[in-house]
Amino acid sequence: MSEERVKPRNLFVDEAIQLALDSRWAEALAVNQALVERHGADEDTLNRIGKALTELGQREEARASSSASLQLNPLNPLPPQNVRNPPVVPPGKSPATGPQ
């Protein structure tokens, strides 16, 4: 009987934050989604997912993540920014996708 080794939660969090600081939004999103799959959703992870989705131009998905974060903690100060006033990408511009 082999037990699958699960990466510790704090390693996912550190990696996700560093990727976001480097504007590597698609990778940050993937790490945060893996964190939710392996360790369950929490408000901070859902906030990071919402931010990454916003930066990738996926506004509806960002709102859904932010709304889920608010359900976990209605006093959470971060999600209302995405839920009520998502950033608008000017015509002719593409959302930030990070360095290629």
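**Fold order.** I started at the N terminus and read the elements of this predicted model as α-α-α-α-α. My tally came to five helices and zero strands.

**Confidence.** Helix 2 (residues 25–39) has the highest confidence, at a mean of 95. Helix 5 (residues 79–84) has the lowest, at 58. A note to myself: where pLDDT is low, the predicted coordinates should not be read in detail.

**Burial and contacts.** I then checked burial, and 33% of the 100 residues are buried. I also looked at contacts between residues at least 6 apart in sequence, and found that 52% of them join residues at least 24 apart.

**Helix 3 against helix 4.** How do the axes of helix 3 and helix 4 cross? I found that helix 3 (residues 43–55) and helix 4 (residues 59–72) have axes that come within 8 Å and cross at roughly 165°. Angles over 145 degrees count as roughly antiparallel, so helix 3 is roughly antiparallel to helix 4. The crossing of these two helices is left-handed.

**Who meets whom.** From helix 3, I listed Glu43, Leu46, Asn47, Ile49, Gly50, Leu53 and Thr54. They meet Arg59, Glu61, Ala62, Ser65, Ser66, Ala68, Ser69 and Leu72 of helix 4.

How values were computed
Residues are numbered from 1 along each chain as its sequence is written. This is a predicted model: local features need pLDDT of at least 70, side-chain atom pairs count only at pLDDT 80 or more; totals for chains, interfaces and linings use all residues. Side-chain values use heavy atoms; hydrogens and water are left out. Axes are lines fitted to C-alpha atoms, for helices over the stretch in contact, and angles run from 0 to 180 degrees between N-to-C directions. Helices (H or I, at least four residues) and strands (E, at least two) are DSSP runs, numbered from the N terminus. Angles under 35 degrees count as roughly parallel, over 145 as roughly antiparallel, 65 to 115 as roughly perpendicular and the rest as oblique. A crossing is left-handed if the near helix is turned anticlockwise from the far one by less than a right angle, and right-handed if clockwise. Contact means heavy atoms within 4.5 Å. pLDDT is the predictor's confidence in each residue, from 0 to 100. Buried means under 20% relative accessible area, exposed over 50%, partly exposed in between (1.4 Å probe, protein chains only).
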